[in-house]
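Please read it with the structure open.

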Amino acid sequence: MGKQAQRQQAHGKFVTVRCEIESQVNAAVNAQRGRRYKGTFELHIDTPKEVTVKTISACGSSGVLFFTPDKIDEHPELKKIRKVADGFNLSALMSRAKPPANIDDASWQVLEEMCNDVSTVLRTHGLAPMQALITRALAEKGLGGPKISKKLGGGMTGKAGDKHEVMCQVLDHMNELLAQNVAAK
């Protein structure tokens, strides 16, 4: 198998893992906060250009959080914000240095409180369990921990083809662990 085909295969497996992680994280966040805020939160995790141990272990560290209210009338603070197809991009909105000019201070404070609350739930109930699962999958294949363990364990020091095989095994193992995580709930 050529390098391009190997990259595509690893990328395809990563996309499957990423989608399952997003699904489980979104379910956890919406179970905790969806009803309170009368809407649906949706996390979109970034997909790396190349799948490596580093990009797998960083999965979930960058992405975008969207919010779609059940009824916009119940969220007057959102009425003046531009909605995109996936809902309101809370990540972009909260990363601004200043609130948009068309949002008053009281509405901005409501949005900040909602985002802070949801971010805490997202980290503790959504991303933290997924990060533990990712770390477990990597460690079980001898790829976790300090760099010295790689030298001693020999995990990824072989030929490029072997590295590809190990990455595919890690991604397949992550899919198994994610499926077990769903079954356990």
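1. Helices (H or I, at least four residues) and strands (E, at least two) are DSSP runs, numbered from the N terminus. On that basis the chain has 6 helices and 3 strands. Their order along the sequence is α-β-α-β-β-α-α-α-α.

2. This is a predicted model: local features need pLDDT of at least 70, side-chain atom pairs count only at pLDDT 80 or more, and totals for chains, interfaces and linings use all residues. Residues are numbered from 1 along each chain as its sequence is written, and side-chain values use heavy atoms, with hydrogens and water left out.

3. The sheet is open, with 3 strands in the order β1-β2-β3 and antiparallel pairing (two strands pair if DSSP finds at least two bridges between them). At its edges lie β1 (39-45) and β3 (88-89), each pairing on one side only. Strand β2 (residues 63-69) joins β3 in the antiparallel sense over 2 bridges. There, F66 stands opposite N89 in β3.

4. Helix α4 (residues 105-140) packs on the sheet and touches β1 and β2. Contact means heavy atoms within 4.5 Å. The direction of α4 makes about 60° with that of β1 (axes are lines fitted to C-alpha atoms, for helices over the stretch in contact; angles run from 0 to 180 degrees between N-to-C directions).

5. Of the 185 residues in the chain, 37% count as buried. Buried means under 20% relative accessible area, exposed over 50%, partly exposed in between (1.4 Å probe, protein chains only). C59 counts as buried because its relative accessibility is 8%. C19, at 36%, counts as partly exposed.

6. How many disulfides are there? The count is 0, taking a disulfide as a pair of cysteine sulfur atoms within 2.5 Å.
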